[in-house]
Amino acid sequence: MTLSILMAVYDERTVVERCISMVLAAPLPENMDRELVIVDDCSTDGTFELLERLARWHSEIILLRHDVNRGKGAAVRTAIQKANGDFCLVQDADLEYDPPEYPRLLRPSSSAALMPFSALAISRASRPAPFCSGIPS
């Protein structure tokens, strides 16, 4: 099983490396892999160059970039379209959400208690919609 962690990023050069380190080190349930789908929403502060370096070092990272700033919602939708996982969650690049909480968040998945995320069902009409769980803000 794979967890897709979706991250929209815009001008977060000062904190994004720490966030990615925490995401990649966060514990996951046994037999669960992770991919980190990062969408840079046309950052202008050097964030994208930092993300490119990190993506070269970590094979779990899928890095995408918007040519123009389209907003967080558009960046998350782009990440959803590129996600390959069985489950998804959204992680803010500024660490508003705490990656060490992933196991607690994912615990219901073993009892199939997750709600389907309708954006995935729409964007992936040609295949069964995976279930997603978002971290409440």
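The points below describe the fold of this predicted model, from its overall composition to individual residues.

1. Composition. The protein has five helices and four strands as its secondary structure. Read from the N terminus, the elements follow the pattern β-α-β-α-β-α-β-α-α. Of the 137 residues in the protein, 46% are buried. Among contacts between residues at least 6 apart in sequence, 76% connect residues at least 24 apart.

2. The four strands form an open sheet with parallel pairing, in the order 3-2-1-4. Strand 3 and strand 4 are at the edges and have a single partner strand each, so one side of each lacks a neighbour in the sheet. From one strand to the next, the twist averages 20°.

3. Strand pairing. Five bridges join strand 2 and strand 3 in the parallel sense, and L36 has I61 in strand 3 as its bridge partner. Strand 1 and strand 4 are likewise parallel, paired over four bridges. Opposite I5 in this sheet stands L89 of strand 4.

4. Strand 4. Although strand 4 is at an edge of the sheet, both of its faces are covered. F87 and L89 are buried on one side, and C88 and V90 are buried on the other. This arrangement may be read against a general rule: in a regular strand, side chains alternate between the two faces of the sheet.

5. Helices on the sheet. Helix 1 packs on the sheet and touches strand 1, strand 2 and strand 3; its direction makes about 160° with that of strand 2. Helix 3, comprising residues 72-82, lies across strand 1, strand 2, strand 3 and strand 4. The angle at which helix 3 runs to strand 2 is about 140°.

6. The buried side of helix 2. Which residues of helix 2 are buried? In this helix, which spans residues 47-57, they are T47, F48, L50, L51 and L54. These residues lie on the same side of helix 2, because they cover an arc of only 155° around the axis. In general, an α-helix has 3.6 residues a turn, so residues three or four places apart point the same way. The buried residues of helix 2 pack against strand 1 (2-9), helix 1 (16-25), strand 2 (33-40) and strand 3 (61-65).

7. Helix 1 against helix 2. The axes of helix 1 and helix 2 are 10 Å apart, and the two helices pack at an angle of about 30°. They are therefore roughly parallel to each other, and their crossing is right-handed. From helix 1, V16, E17 and I20 meet T47, L50, L51, R53 and L54 of helix 2.

8. H58 is located in the loop between helix 2 and strand 3. Is H58 buried or partly exposed? Its relative accessibility is 25%, so H58 counts as partly exposed. H58 and L36 are separated by 22 residues in sequence, and their C-alpha atoms are 9.5 Å apart in space.

9. D92 is located in the loop between strand 4 and helix 4 (102-106). Because its relative accessibility is 7%, D92 counts as buried. Leaving aside residues up to four places away in sequence, D92 touches C19, K72 and Y97.

Technical notes:
Residues numbered from 1 in each chain as written. Predicted model: local features only at pLDDT ≥ 70, side-chain atom pairs only at ≥ 80, totals over all residues. Heavy atoms only, no water. Buried < 20%, exposed > 50% of the residue type's maximum accessible area, 1.4 Å probe, protein only. Arc of directions from axis to C-beta. Contact = heavy atoms within 4.5 Å. Pairing = 2+ DSSP bridges. Axes fitted to C-alpha atoms, helices over the stretch in contact; angles between N-to-C directions. Parallel < 35°, antiparallel > 145°, perpendicular 65-115°, else oblique. Left-handed = near helix turned anticlockwise from the far one by under 90°.
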